[in-house]
2 protein chains.
Amino acid sequence: MRIPILKLHNYLLISIQIEMDDNTAVQFQEDLLDKIHQTGASGVVIDLTSVEIIDSFIAKVLGDVVKMSDLMGAKVVLTGIQPAVAVTLIDLGIHLQGVPTALNLEQGLIKLRQELGE
Amino acid sequence: MRIPILKLHNYLLISIQIEMDDNTAVQFQEDLLDKIHQTGASGVVIDLTSVEIIDSFIAKVLGDVVKMSDLMGAKVVLTGIQPAVAVTLIDLGIHLQGVPTALNLEQGLIKLRQELGE
């Protein structure tokens, strides 16, 4: 299955509301990069509010997709990171340094506008 | 599988990017009504840009969910209805009278604000 990616103005919005398996995560990475390329989006908000646990593979894919999007010129904001997910990310050494985070989608969009100076 | 529902300010955004089977459609109906109840959302945008065909059952569920959301006090705007989907809806007698429509998600949000007088 695929995670839907919404385009709103110049941004892409993603809310992950399923437990991702490895294939879904890899497919998501591919879909997001394609969509950034297609739409020329300048920013991405990935909302993880509904993600309660995360394993090392998914965490790595997520860390990678942030860096890849950045390389392509789209700023990523992660929102709604739950305590257990934060613990896992740090335990795995995925520090996501320089990645802006926010509480929820609304705050994420505000942060994105700030980051992009819009 | 479930269709993710994003909350943005006072609105719910849904982009249907999979081919829905009957169970997914019914689950979506239930999830959307629950989410309206939980969040007190005043408006909903359902984006159908990626839906290329629709069968009679799904069309009925979609028509119903619009009326149900309306009863609960949330205005629904449908966006991105493809030609084949428009044909199917009318052929099946699902006229969605009084349901505002728009080209895409951005336009849908603008329409929603107009409809709600915001």
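**Questions on the two-chain model**

Student: Is B:Glu106 buried or exposed?
Tutor: The relative accessible area of B:Glu106 is 12%. Buried means under 20%, exposed over 50% and partly exposed in between, with a 1.4 Å probe and protein chains only. The residue therefore counts as buried.

Student: What pLDDT do local features need here?
Tutor: Residues are numbered from 1 along each chain as its sequence is written, chains are lettered from A and ligands numbered from 1 in the order in which they are written, and side-chain values use heavy atoms, with hydrogens and water left out. The model is predicted: totals for chains, interfaces and linings use all residues, side-chain atom pairs count only at pLDDT 80 or more, and local features need pLDDT of at least 70.

Student: Which residue forms a salt bridge with B:Glu106, and in which element does that partner lie?
Tutor: A salt bridge is a side-chain nitrogen of Lys or Arg within 4 Å of a carboxyl oxygen of Asp or Glu. The side chain of B:Glu106 meets that of A:Lys7 at 3.0 Å, N to O. B:Glu106 lies in helix 4 (residues 105-115) of chain B, so the pair joins two chains, the partner being A:Lys7 in strand 1 of chain A.

Student: How many salt bridges cross the interface of chain A and chain B?
Tutor: Over all chains, the whole structure holds six salt bridges. B:Lys7 and A:Glu106 also meet in one, with N and O 3.0 Å apart. Across the interface of chain A and chain B, the number is two.

Student: Which elements give two or more residues to the side of chain A that touches chain B?
Tutor: Between the chains there are six residue pairs in polar contact, both residues being at pLDDT 80 or more. A polar contact is a pair of N or O atoms within 3.5 Å; within protein, one must be able to donate a hydrogen and the other to accept it, and residues adjacent in sequence count only if both atoms are side-chain atoms. Helices (H or I, at least four residues) and strands (E, at least two) are DSSP runs, numbered from the N terminus. On chain A, the elements are strand 1 (6-8), strand 2 (11-15) and helix 4 (105-115).

Student: What area do chain A and chain B bury between them?
Tutor: Contact means heavy atoms within 4.5 Å, and 14 residues of chain A are in contact with 15 residues of chain B. Buried area is the accessible area (1.4 Å probe) that two parts lose on being put together, summed over both. Carbon and sulfur atoms carry 69% of this area, which is about 1,400 Å².

Student: What axis relates the two chains?
Tutor: Chain A superposes on chain B (RMSD 0.0 Å) by a rotation of 180° with 0.0 Å of shift along its axis. That is the relation of a two-fold axis. The superposition is by least squares on C-alpha atoms of residues with pLDDT of at least 70 in both copies. The axis is therefore two-fold.

Student: Which residue pairs with B:Asp31 in a salt bridge?
Tutor: B:Asp31 lies in helix 1 (residues 22-39) of chain B and is buried, at 13% relative accessible area. In the salt bridge of B:Asp31, the closest N and O atoms are 2.9 Å apart, and the partner is B:Arg2.

Student: How many residues apart are B:Asp31 and B:Arg2?
Tutor: B:Arg2 counts as partly exposed, at 44% relative accessibility. The pair links distant parts of the chain, since B:Arg2 is in the segment before strand 1 (6-8) of chain B and B:Asp31 in helix 1, and the separation is 29 residues.

Student: How far apart in space are A:Leu89 and A:Leu109?
Tutor: A:Leu89 is found in helix 3 (residues 83-91) of chain A and is buried, at 4% relative accessibility. Not counting residues up to four places away in sequence, A:Leu89 touches A:Ala59, A:Ile81, A:Ile94 and A:Leu96. A:Leu109 is 20 residues from A:Leu89 in sequence, and the C-alpha to C-alpha distance is 23 Å.
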